[in-house]
Amino acid sequence: MTNARSLTFTLDLEDHTLGANPACRYQTNGRAILEHLEKLGARATIFIVGDLVSSCRALIREAVASGHELALHSATHTPLTQESGAALRPKLVDAKSLLEDAAGEAVSGFRAPVFSLTADTVWVSDLLAELELRRRHEVDQQQEGHVDHGRQVEPELRARSAAHG
């Protein structure tokens, strides 16, 4: 009898170098991670920032060919707390379209930058639903008392956020 285990592995493909030749770093690291996952026979969900799609189309195609799920990690990696609905909608539409074009398949997952889909930004949930994007790995996975990017996550935040889908 085999004791099978399940592991959820996600990877955020984003640029923390502020434009200082990011392609080398995230593409090199991304490719190494894909190779390691291939050796393990594991699949991941890879969240990609829309601004990076044009510079990593080959990596995106490799990920799809290896059976990984692709999802959107915002258009520009700007926290949702710094966005407005009027400005965010066209950015997400364009980023989703670019990613789907590069991947050759539909994209239905979304992860907010720096876990910024919170009780204060639940208005984004309606926009995500309109764009047929499921929010993934957000507030519901943060632990009580967890400090994320300098802010304390409120103990009741998970329940408040869950009420908004």
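Guide: Let us start with Gly-67, which counts as partly exposed at 48% relative accessibility. This is a predicted model.

Visitor: Why is Gly-67 called partly exposed?
Guide: Buried means under 20% and exposed means over 50%. Gly-67 has 48% relative accessibility, so it counts as partly exposed. Gly-67 sits in the loop between H2 and strand E3 (69-72). Its C-alpha atom is 6.6 Å from that of Arg-43, although the two residues are 24 apart along the chain.

Visitor: What makes Glu-132 exposed?
Guide: The cut-off for exposed is over 50%. Glu-132 has a relative accessible area of 61%, and therefore it is exposed. You will find Glu-132 in the loop between H4 and strand E5 (134-135). Its phi is positive, about 55°, although Glu-132 is not a glycine.

Visitor: Why does Val-114 count as buried?
Guide: Buried asks for under 20%. Val-114 has 18% relative accessibility, so it counts as buried. Val-114 belongs to the loop between E4 and H4. Here too is a residue other than glycine with a positive phi, near 45°.

Visitor: What does the side chain of Thr-121 reach?
Guide: It reaches the backbone nitrogen of Thr-118 at 2.8 Å. Leaving aside neighbours within four places in sequence, Thr-121 is in contact with Leu-80, Thr-81 and Ser-116.

Visitor: How many cavities of 30 Å³ or more does a search of the whole structure find?
Guide: The search finds 1. About 60 Å³ of space lies in the largest cavity. Among the residues lining it are Leu-11, Gly-30, Ile-46 and Ala-63.

Visitor: Which elements each supply at least two residues of that lining?
Guide: They are strand E1 (10-13), helix H1 (22-40), strand E2 (45-48) and helix H2 (57-65). H2 gives the largest share, 3 residues.

Visitor: How do the lining residues divide into nonpolar, polar and charged?
Guide: There are 8 nonpolar, 1 polar and no charged residues. Gly counts as polar, and Gly-30 is one of the lining residues.

Visitor: What does the chain average in pLDDT?
Guide: The average is 79, and 72% of the residues score at least 70. Over residues 138-165 the pLDDT is below 50, and this stretch has 39 contacts in the model beyond near neighbours in sequence.

Terms used
Residues are numbered from 1 along each chain as its sequence is written. This is a predicted model: local features need pLDDT of at least 70, side-chain atom pairs count only at pLDDT 80 or more; totals for chains, interfaces and linings use all residues. Side-chain values use heavy atoms; hydrogens and water are left out. On a 1 Å grid over the protein atoms alone, a cavity is a set of points where a 1.4 Å probe fits but cannot get out, and a pocket is an open set with protein on both sides within 12 Å along at least five of seven lines; lining residues have an atom within 4 Å of a point. Grid points are joined across faces, edges and corners, and a volume is the space filled by probe spheres set on the points. Helices (H or I, at least four residues) and strands (E, at least two) are DSSP runs, numbered from the N terminus. A polar contact is a pair of N or O atoms within 3.5 Å; within protein, one must be able to donate a hydrogen and the other to accept it, and residues adjacent in sequence count only if both atoms are side-chain atoms. Contact means heavy atoms within 4.5 Å. pLDDT is the predictor's confidence in each residue, from 0 to 100. Buried means under 20% relative accessible area, exposed over 50%, partly exposed in between (1.4 Å probe, protein chains only).
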